[in-house]
Amino acid sequence: MDSAPTISTQALTRRFGDLLAVDGVNLRVAPGQFFGFLGPNGAGKSTTIKMLTGLLAPSSGRIEILGLDLNAHPVEVKRQIGVVPEGMALFGRLTGAEFLSFAGRMYGLDRETAAKRAAELLDFMQLADQPKKLVTDYSHGMQKKLALAAAVIHGPKVLFLDEPFEGVDAIAAGTLKSMLQGMIARGATIFLTSHVLEIVERLCSHVAIIHQGRLVAQGSLEELRAGVEAQTAAAGSGNGAVPAGEKLVLEQIFLRIVGGERHAEQELSWLG
């Protein structure tokens, strides 16, 4: 018998005037999954994650996190989740330690525990060498690491990440991946949006793809791969069939599902 999902939505919809940004999305994320949420620019990814984290009210539909209705129990849900939003939302006039201690206190940690965890996180993220440096003077990559530290200081059961690796160098990215994989190993659930498909393929066990506001695919990477390969085979070998012995990578799966392949042969005559 399947366990109850950690994240689920029913007919989740969001309108902005005449624009239907998210159209009846039904998501299901099981406990302990590293879940990738993909889509082209403007597909509705950030709008969806803002609704899932209580930053934006849906126009209609239902969201449940950890078995709780987000609309009915917003505070209880937010105590148990961590969020790294697209804009990070950091307080630039604080030091890293001050900001993390503040974040810990907002999540209900006592002063001593918040300070202890802040120091541990700064050391883990390699941000402890300049203790008086203000957040506004951090590099973009340093701010990303600090935002993630603030999102996990209370030990969340669910972590939402909106483009966490954007603008992050390889060393910092390695640190972040190590932390995230450790959280999964300890039973947390992670919901990740990213345009870097190689990272998603390396980290995530399950993926959903949104296109023009609608969910067009959802399942394990193997399930999505098998579905695309079956459709390609049914269309005939002259329509991009996969050569024997080769396996589609996530980028190929994504492009075939959202229709990006039809542009692959287009050229600009004035370039080269």
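A: A pocket is an open set of grid points with protein on both sides within 12 Å along at least five of seven lines, and its volume is the space filled by probe spheres set on those points. In this predicted model, the largest pocket has a volume of about 530 Å³. Its lining consists of 18 residues, and those nearest the centre are Val83, Pro85, Met88, Ala89 and Tyr107. Strand S7 (81-84), H3 and H5 each give two or more residues to this lining. The largest share, four residues, is that of H3.

Helix H3 spans residues 96-106 and includes Phe102. Together with Phe91 and Met106, Phe102 makes a nonpolar surface patch of about 310 Å². Phe102 counts as partly exposed because its relative accessibility is 33%, which lies between the limits of 20% for buried and 50% for exposed.

Helix H5 (140-152), together with helix H6 (170-185), also gives two or more residues to the lining of the largest cavity. The space in that cavity is about 40 Å³, and its lining is formed by Val84, Lys144, Leu148, Leu161, Pro164, Leu176 and Leu180. Six of these residues are nonpolar, none is polar and one is charged.

The second largest pocket holds about 340 Å³ of space. Of its 15 lining residues, Val152, Gly155, Met179, Met183 and Arg186 are the closest to its centre. Helix H4 (111-124) and H6 each supply at least two residues of that lining, which divides into eight nonpolar, four polar and three charged residues.

How values were computed:
Residues numbered from 1 in each chain as written. Predicted model: local features only at pLDDT ≥ 70, side-chain atom pairs only at ≥ 80, totals over all residues. Heavy atoms only, no water. 1 Å grid on protein atoms, 1.4 Å probe; cavity = no way out; pocket = protein on both sides within 12 Å on 5 of 7 lines; lining within 4 Å. Nonpolar A, V, L, I, M, F, W, Y, C, P; charged D, E, K, R; others polar. Patch = residues over 30% accessible without salt bridge, like charges linked within 9 Å, V, L, I, M, F, W, Y side chains within 5 Å. Areas by Shrake-Rupley, 256 points an atom, 1.4 Å probe, with all protein chains shown as cover. Salt bridge = Lys/Arg side-chain N within 4 Å of Asp/Glu carboxyl O. Buried < 20%, exposed > 50% of the residue type's maximum accessible area, 1.4 Å probe, protein only.
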